[in-house]
Amino acid sequence: MSLPILLSVFLIPSISIPFVYLTGKKSPKSAAIFVAAIALVCIGLLLSTVPQILNSDLHRYEETWAWIPTVLSGDAQFAQFSLFIDGISASVALISLVLIFVASLYSINYMAGKKHLPVYYALLSMLTVGLIGVFLTSNLILFYFCWELMLVPAYFIVGEWGYRNSYKSALKLFIFTHAGAVFVLLGIGALYWLTGSTDMFIAQSSLQNLPAIYADTIKWTMIALTAGLAVKMAVFPVHMWLPDAHSEAPAPMSALLSGVIISAGAYAIIRLSFGVVFPAVSVDFATMFLHGLAVIAIVTAFFGSLLSLVATDIKRVIAYSSIAHMGYIMFGLSLFPVALAQGGSLALIAPAAIAIVGTVLHIVTHAASKGLFFLTAGGVMHQTEKRDIREMGGLASKMPFSAVSGTIAALSISGAPPFACFISEFLIFVGAFQIIQADSFYIIPTALMLIATVFSLAYSLRFVSKVFLGQSKEEVGVEEPPNGHDAHAPDAPAAEEAHGHKIVDVPNWMKASLAILVVLVVIIGIYPTFFMDLIQSVTFGVTG
Amino acid sequence: MMLQEFSAWFVWVLPLIASLFVPVIGRYTEKGRNYFVVAVAIVSAALAISLIPDVWGKHEAVIYTIPWLSGFGGEGLSAGVFIDPLSVLFTVLISFFALIIAIYSIGYMKGESGLTRYYYLILLFIGSMIGLVLADNMLQMFIFWEMVGLCSYALISFWYKKPESIRAGVKVFIMTRIGDIALLAAIGLLFLMFGTLSFRGIINGIIAGGFNETYMIAVAFLVLGGAIAKSAQLPLFTWLYSAMEAPTSVSALLHAATMVKAGIYLLSRVILIFSVAPALISVLNEALWFPTIIWVGTLTALVGASLALHTTDIKGVLAYSTVSQIGFMMAGLGAAAMQGWFGSLYHMISHAFFEGLGFLIAGGLIHAVGTRDMRLMGGLRNAMPLSFILMGIMVITTSGLPPFASFFSKGLIITSVTESGGVFPSIILIATTGITFAYCFRMFSLVFMGEESGYLKLQRVHESPTIMLIPAAILAGFCIYWGVGEPAVANFLGVTIFGGDALGIIYEAFFNIETPIFLTLLLPIGIIAYYSYFKRYNGIRNIAAGKNPLSTMLKHAFFFDYTYDRVAKGITGFSIALTRVENALFARLPDEGAAKISRAAQPGHAITLKKGFSGSFRNYVAAAVLGFILIVVLIILTFGIGLGGA
């Protein structure tokens, strides 16, 4: 343990917060670049751990320090300030940092001219710490701390720099996810009570050795944790906070919220509910629990898709699609380790591994695609000063760059190859079909989820058609040629002048950040092997 | 062998890579861009042709792979090319057509804006389509399968300001997606059974008998579902008519010659794979899979032909004709016999020639007269003599008159359907050949015969430019001589499945019951068609125009689209209701009032509306950040207690 890589990843953004603020005082642009640079450094540091993750025995890289003296255990033990990284956390942390990087560059143009920008960038940096902490720690206390830490900057950014009734939306975000976090805290408390440890891995192994009288407690711990984390995921019954918060947030924050923050819920379910508690519950309960998740997933996917299909607010279309995609991820989670009773213990069957690879990969691909989607939509709003898609149209000729990136984002979200989301959805479905053999319950959910992809295609295409294609409302008055051969109506300068300003494509920093995500979406779509290798290296400590 | 590997990769990778350069070149020179695309198409076609000798008559496929998805299915999934006569046959056809269309586009698309996008998509399509037929595993094939759909969507919506184009693009994409999920499910089941997605792995698995009969039947039907949607068969055929919003060059390439044949490729590939285990074939036969294919194909052939007889849109005739002809191919594949399988592929090629020719001529016509409505045409034989002759060739080859290719291929198909026990389907198919003749004749006479319409007298009608006529003439040449190519194709494919003999069967085409029936059928239909459309005798036309069940059905295209519209409307209505409930329940911000971002949220006005909050804002944040920093400091300090724990 020569160089504390993970500690640096955690501390560099933490320490930089005041400096970001001070830089921002002088020039907000430098602050943005500062945040981006920190994200880049963190990406580099995380990448440097990848060989160790892939090659070490446990496929895990850890750094541990003694931290808080524990109260319960008699001898002088410390709750470890333990950071670790494995394939799953590496993938998710990497994509989060990429989004932070992109969002801060994007903010240079997008947030230009707004007030309190130094604070904004400092908050962005704080959000980085929260995200990294959630993804990189194996200590439950630190996890909870970072989990709540994500919420603070999210609240302020949505509230202060959001649109319309923004503090109300921010309050919704805060209250709902905080209420969820209470359940998480309950779960964590129960884990500590049951096992006397705040370390995930120790807790996991000692949970399995508990006497049978604790079975009910373990069951409820699992339910509490999953329910609390699911609020962050905004799956169907607890989704209410998402559409307002996502659509009223400034675009970079929407991208982060939709891209990684809600997916952090999925990550935490994998890590806590499944990684720690799941191996200790009974097979019957596990099966029922997973079936329940599958049902929630279907309802969420259809609900999100249907609402997205008729939403008229440009960002609400995307926000509902985030709900739909949380449905996919939830479905993937429900496939997790479908319990096969093998001598009383749970077995992580190989097919389920494909589904879980797909699920984690979907967190990554969805983050990239949804980030791109929100940033493009933000660009459109920024340039047109409109947000009702019925008033848009024909932007492809005025904003060709945004049109291309928006179309790619929409197609990726709809699950069309060769874009990123396809490959992860494909893996989820292949995993689902694997499980059909073991558990015939999954036939109908899988079929329904397949049908849901048609709806996701429908709302994605609707978005592209309404926003980028067709004629702008100013042009409709212009005479339409009888056949298609020169359908490009001449621009209507008069109409545009009447509108007040000419619509042009997004500025360069925004273009650059969109371009980064476009490249990422296409590359992951064609060659997802880097992330797949990382995710596949994870063993979960669950063995048959 | 080196050459084979090189060609098999680059024949599709080259267009894909080259497509990225189109925007770059297009920025500097438009002519250069067009010639670049033609050059790429030429190289691609040359590479495709270079594949022919090595596979001529070979049974075993040659596979070259590179690593792709590691760990997927144990040993991982490689990307690869699967070279056998079937895939090479399609490769050559696609690359040849791509070249024809690349040349034709120079003339046809002249003066359009957005051509860089057009050529980019054309190259992307060529690469994807060849990638589809050369893929060596189901996932790779599926990715390209979707990518050609994507290109099709983008090209149909090429005139993206026209509402009809946008609607058509969306409709096509969504309808084909319905088939795609069936195919995806089939892939999932295949992976479940064999633990791999590579064709070779699946073949080995089937030979080893490691298949579950129920799953296999499900796979077969799901694959059929995918093929039905992609190849515009009943009940998902209506998208092909909507796809006619695309530029005619695109219709010729995607919606006549290549993309709609993806379903035929898929089915013939799958049948080829299944046929390694005769037991499996009989299982599928008992599960009525093959009869289902026959019936789907037969009914589609009939429905397509009858709609072609009714529509007044010249591209609509060709679209429905494509639907109908692909129905023939389907029926042939469903016969589970060597003749059917071969006849279907052979018909696929001849159809590409004559339908492609039809579209190329139609494109010239639409350019010349500025409309797609055939009622506004007429008497064009004088103004456009070359198009007149070429269309004449198209009509006689499409109708399947004896010395031409489609006579033999339809003969093979009908014979094999009859022999497989489908008497009713073969009767319908024979009737359909008659209708085919009628709709070709009708289109021909409406466009070229009779008097010029009043509308045309106002137009300055001109013959198509040479650059559009040359590709058409090449296709016409193939149309005429393709009939003699049958032994060569049979030799080339060289496959013997279902115990059939490739060479022997071609002679059967002459000596079957179908020939005399067809010839006797031609006479009355020819007379009726002649009087109805050429002599403008009103008997038949009145029936078609009058109020009777048949004409109502035809007018509404058998109510398929009507039903789909109702379903779509129902879903939208449900969604709107759901949104209302949701908004009311959770006190959403009004969606409707969101017309404009309030100026307050614009740069420079950020805080004005929130003054009350603004003052304390800084303090809140400062407190939060300070508290956080304190904690960080505490964390660092606590390290002092016990550095280096574990």
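Predicted model: local features only at pLDDT ≥ 70, side-chain atom pairs only at ≥ 80, totals over all residues.
Helices here are DSSP runs of H or I with at least four residues, and they are numbered from the N terminus.

**Exercise 1. Where in chain B does B:Leu236 sit, and is it buried or exposed?**

Step 1: find the place. B:Leu236 is in the loop that links α9 (213-230) and α10 (238-242) of chain B.

Step 2: A residue needs 20 or more other C-beta atoms within 10 Å to be called buried. B:Leu236 has 20 C-beta neighbours inside 10 Å, so it counts as buried.

Step 3: look at who those partners are. Skipping neighbours within four places in sequence, B:Leu236 is in contact with B:Met175, B:Ile178, B:Gly179, B:Ile228 and B:Ala229.

Step 4: B:Leu236 and B:Ala488 are 252 residues apart in sequence, and their C-alpha atoms are 34 Å apart in space.

**Exercise 2. What can you say about A:His116 and A:Pro418 in chain A?**

Step 1: A:His116 is not a glycine, but its phi is positive, about 60 degrees. You'll find A:His116 in the loop between α3 (87-110) and α4 (117-136) of chain A. With 21 other C-beta atoms within 10 Å, A:His116 is buried.

Step 2: the peptide bond from A:Pro417 to A:Pro418 is cis, with omega near 5 degrees. A:Pro418 belongs to the loop between α15 (400-413) and α16 (420-438) of chain A.

**Exercise 3. How many Å should helix α5 of chain A span?**

Step 1: the helix covers residues 140-161, which is 22 residues.

Step 2: multiply 1.5 Å by one less than the number of residues.

Step 3: check its surroundings. α5(A) is mostly covered, with 18 of its 22 residues buried.

**Exercise 4. How do helices α15 and α18 of chain B pack?**

Step 1: α15 (residues 314-334) and α18 (residues 405-419) of chain B meet at an angle of about 45 degrees, and their axes are 8 Å apart.

Step 2: that angle makes α15(B) oblique to α18(B). Their crossing is left-handed.

Step 3: name the touching residues. From α15(B) come B:Phe328, B:Ala331 and B:Gly332, which meet B:Lys410, B:Leu412, B:Ile413, B:Ser416 and B:Val417 in α18(B).

**Exercise 5. Which residues have the most contacts inside the largest nonpolar core?**

Step 1: this core has 440 residues, and A:Val35, B:Leu357 and B:Cys479 have the most contacts inside it. Helix α16 (residues 338-369) of chain B gives the largest share, 19 residues.

Step 2: zoom in on one. Beyond its neighbours within four places in sequence, B:Cys479 is in contact with residues including B:Phe353, B:Leu357 and B:Phe404.

Definitions and conventions:
Residues numbered from 1 in each chain as written. Chains lettered and ligands numbered in written order. Core = buried A, V, L, I, M, F, W, Y, C linked by C-beta atoms within 7 Å. Buried ≥ 20, exposed ≤ 12 C-beta atoms within 10 Å, placed from the backbone. Helix = DSSP H or I, 4+ residues; strand = E, 2+ residues; numbered from the N terminus. Contact = placed C-beta atoms within 7 Å. Axes fitted to C-alpha atoms, helices over the stretch in contact; angles between N-to-C directions. Parallel < 35°, antiparallel > 145°, perpendicular 65-115°, else oblique. Left-handed = near helix turned anticlockwise from the far one by under 90°.
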